[in-house]
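Keep the sequence beside the coordinates as you read.

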Amino acid sequence: MVYCAGSAAAPGSTSISPLPGPAPDREPLEPIIVSAPEPRFVAPTRRDRIGRIWAPVMINGRGPFRLVLDSGASSSGITLPIAKMLGLRMDASRRVLLRGVVGLASVPLVRVDSFSAGDLSFGTRDLPIVTDALGGADGILGTDGMSGRRILIDFHHDRITIARSHGQPAPPDYVTIPFHLRRQLIDVDAYVGNVRAQAIIDTGGQTTIANLAMRSALERRRAELKAQPDKIEDVTQATQAGDSANVPPIMIGTMQLGRTVRISNDRMTFGDMHIFQHWHMTDQPAMLIGMDALGRLDILIIDYRRHELQIKLDDSDND
C-alpha cells in the first residue's frame, strides 16, 4: 500500500472529539511487543505468506512501537490506538489528505514532541492518524527525513538498521542497483519479461501492482494473460477491483551495465489505480514492486546518500 501525505486540507464541518487522556503504560514485557508468533522486525516472503518490514520507533520517549517501513510513503503516521496510548490530542481544525493507491481520505493530525528510529530523530512534529490496515503495526515510517540515511533489511536474521550513510559501496557479493528519487520515492529501471517498465520500490505494499499499460504491453508480447478478479485495499481503506495474473519474473536494474536482479514473483495485479494517475504514470508500463517480490531477497540495503539499492540474493527456494 502507498501512503502520501498531501497538503493541509480545509477543515470540514464534522467535529472531531479530542482523544481521551493518557492511557496506562504497557507492561514492560519485551522491547517490542508482538502478539503473534512471528518475527519482531522483518518477515520474509514465503509461498504461503507475504513478508513485512517493521521498524522500531520511539515516540515521546516511549516504545519502541512497530511501524511499517514504507518506502512508498512520503510521510509517517500512527494509528488511533497508539495516539490514545500516548495521550495525544487531535486538532479538529487541522487535517491533511491521506493518499493511497486507490483513494483519498481527510484525516486529523496529532502533535508529538519526539519521534526517532535508529539515528533518524525528529523533535516536535505533526503526524496524521492512519487506519489500522497495516497487518497489526502501530503506524507507518515514511521517507521524510531519510535523506543521507542507509537502511539495512536482513530478511533471514530478523534485523533492520537505520543509520547515517557513510557512502560505503556494496560488499563484493551484492548487486548494486542505482535509483532516482521521484517525489521522495525510489524509482528504478525494470523489466517484466521483455517489457521495460518504470518501477517504484514499495516496501509498504503487500502485492506488486501494475498499470493497464503494463497489462497491454504484456499481452502484445505473450498469449492473453490468464487473469482472475482481484481487489486492492489501501491505507485509506478504499478498495478497487483489479485483475491478477501470472507474469514473467521481474528484473530490476540496468541491463546495459550488466547490473540487474531477478525476482521470481508469482503474480501481479493490474488496474487503473488512482496513484498512477496522480504520479502521471499511465501512458507507459509502470508498477509498484511490493513485498510479495521484495521479501524474496536475502538482504536489501537502501542507501539514500548513494542513491543505490544494494542487494544480496536469496538462493533458497523460499518454501
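A polar contact is a pair of N or O atoms within 3.5 Å; within protein, one must be able to donate a hydrogen and the other to accept it. Keep that rule in mind for the first stop. Note also that this is a predicted model.

Start at Thr208. This residue sits in the loop between strand S17 (195-201) and strand S18 (209-210). Is Thr208 buried or exposed? Its relative accessible area is 0%, so Thr208 counts as buried, the cut-off being under 20%. Its side chain makes a polar contact of 2.8 Å with the side chain of Asp292. The Thr208 side chain also reaches the backbone nitrogen of Gly290, at 3.1 Å. Beyond four places in sequence, Thr208 touches a set of residues that includes Ile250, Met268, Thr269, Met287 and Leu288. Ile289 and Ala293 are also among them.

Now step across to Thr269. Thr269 belongs to strand S23 (residues 267-270). It has 3% relative accessibility, so Thr269 too is buried under the 20% cut-off. Which residues does Thr269 contact, leaving aside neighbours within four places in sequence? They are Thr208, Ile209, Ala210, Asp230, Ile232, Gly242, Asp243 and Ser244. Thr269 and Leu212 lie 57 residues apart along the chain, and their C-alpha atoms are separated by 9.8 Å.

Helix H2 comes next. H2 spans residues 212-221, and its buried residues are Ala213, Met214, Arg215, Ala217 and Leu218. An α-helix has 3.6 residues a turn, so residues three or four places apart point the same way. Against what do the buried residues of H2 pack? Their partners are strand S16 (185-192), S17, S18, strand S20 (239-246), S23 and S24.

The largest nonpolar core holds 64 residues. Those touching the most other members are Leu141, Ile153, Met214, Ile252, Met287 and Leu309. A second, separate core has 13 residues, including Met273, Ile275, Ala286 and Leu288.

Where is empty space left inside? Rolling a probe the size of a water molecule over the atoms shows where empty space is left. There are two cavities of 30 Å³ or more.

Finish with the backbone. A cis peptide bond links Gly63 and Pro64, with omega about 5°. Pro64 is placed in strand S4 (residues 62-69). Asn60 is in the loop between strand S3 (52-59) and S4. Its phi is positive, near 55°, in a residue other than glycine. Asn60 is partly exposed, at 26% relative accessible area.

His280 also has a positive phi, about 55°, although it is not a glycine. It is found in the loop between helix H3 (274-278) and strand S24 (286-289). Is His280 buried or exposed? Its relative accessibility is 66%, so His280 counts as exposed, the cut-off being over 50%.

Key. Residues numbered from 1 in each chain as written. Predicted model: local features only at pLDDT ≥ 70, side-chain atom pairs only at ≥ 80, totals over all residues. Heavy atoms only, no water. Core = buried A, V, L, I, M, F, W, Y, C linked by side-chain atoms within 4.5 Å. Buried < 20%, exposed > 50% of the residue type's maximum accessible area, 1.4 Å probe, protein only. Helix = DSSP H or I, 4+ residues; strand = E, 2+ residues; numbered from the N terminus. Contact = heavy atoms within 4.5 Å. 1 Å grid on protein atoms, 1.4 Å probe; cavity = no way out; pocket = protein on both sides within 12 Å on 5 of 7 lines; lining within 4 Å. Points joined across faces, edges and corners; volume = space filled by probe spheres on them.
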